Amino acid sequence: LKSNPSNNEEKEAQTQLTKSDELQRLHSQALSAYQQEDYEAAISLLDEVLAVCVWDAELRELRAECYIKEGEPSKAISDLKAAAKLKNDNTEAFYKISRIYYQLGDHELSLSEVRECLKLDQDHKQCFSLYKQVKKLNKQIESAEEFIREGRYEDAISKYETVMKTEPEVPVYSTRAKERICHCLSKNQQATEAIKLCTEVLQLEPTNVNALKDRAEAYLLEDMYEE
């Protein structure tokens, strides 16, 4: 304004000033909603602020936290990915993305994100500990799948049993392991065990197509055509 005090400039400056006051107010409300654990309200306030302050990494990280609390991990990932690009050396964002992928059962993407964190800081304790866990699990799953491709079903079963021991806390991995063991049992003509295990998987995931197909194969081996 001081450099160019015309009417138009003044109007523009006043509008921007009013807008910035409004954004600060929304930002404070969003923080307060977050602290009161009203994550839905916080998200809707942050949406308004981020529509204007598109490049604010910290606001994106805050909205990602709200999405995580609201059980919307894929939206959290998209905000965290933006935050990782917007802020230099954002190891925290890579760590969080990796953890979310891991919890969702996507061990391969989890591994690639945690590697990005370690590229920025090889001594990052949380990332290193997560890296060791994901790498170990990833290796076991790859090796089990290799056994299945080679028709070594007994070895594959034993490897998938190890997977369940390696990660007992995240249910998705035990369910996947059981689904693959059921596949091996069915292929190995161990029909009774296959039916039992596939049924277990289908109680957890009624629409699991692989388990339905493998159980059907097992029923055929037992001449249970109706089933």
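Is Cys 184 buried or exposed, and what is its relative accessible area? In this predicted model, Cys 184 is buried, at a relative accessible area of 0%. The views below start with the helices and end with the cysteines.

**View 1. Helix H1 spans residues 7-35.** The helix has 29 residues. From first C-alpha to last it reaches 42 Å, close to the 42 Å expected at 1.5 Å a residue. Leu 23, Leu 26, Ala 30 and Ala 33 are buried in H1. The buried residues of H1 pack against helix H2, residues 39-52. Glu 37 follows H1 and has a positive phi, near 65°.

**View 2. Leu 86 lies in helix H4, residues 73-86.** Its relative accessibility is 34%, so Leu 86 counts as partly exposed. Setting aside residues up to four places away in sequence, Leu 86 touches Val 54, Trp 55, Asp 56, Ala 57 and Arg 60. Arg 60 is 26 residues from Leu 86 in sequence. In space, the C-alpha atoms of Leu 86 and Arg 60 are 9.8 Å apart.

**View 3. A disulfide joins Cys 117 and Cys 127.** The whole structure contains two disulfides. In this one, the sulfur atoms are 2.1 Å apart. The link is right-handed, with 100° about the S-S bond. It connects distant parts of the chain: Cys 117 sits in helix H6 (residues 107-120), Cys 127 in helix H7 (residues 125-149), 10 residues apart. Cys 117 is buried because its relative accessibility is 0%. Cys 127 is buried too, with a relative accessible area of 0%.

**View 4. Cys 182 and Cys 198 form a disulfide.** The S to S distance is 1.6 Å. This pair also links distant parts of the chain, with Cys 182 in helix H9 (residues 171-187) and Cys 198 in helix H10 (residues 191-204), 16 residues apart. Cys 182 has a relative accessible area of 0% and is therefore buried. Cys 198 is buried, its relative accessible area being 0%. Counting the bonded cysteines of the protein chain in sequence order, the pairing is 1-2, 3-4.

**View 5. Cys 184 is in no disulfide.** The nearest cysteine sulfur belongs to Cys 182, 8.9 Å away. Cys 66 counts as buried, at 0% relative accessibility.

Technical notes
Residues numbered from 1 in each chain as written. Predicted model: local features only at pLDDT ≥ 70, side-chain atom pairs only at ≥ 80, totals over all residues. Heavy atoms only, no water. Helix = DSSP H or I, 4+ residues; strand = E, 2+ residues; numbered from the N terminus. Expected span 1.5 Å × (residues − 1). Buried < 20%, exposed > 50% of the residue type's maximum accessible area, 1.4 Å probe, protein only. Contact = heavy atoms within 4.5 Å. Disulfide = S-S within 2.5 Å.
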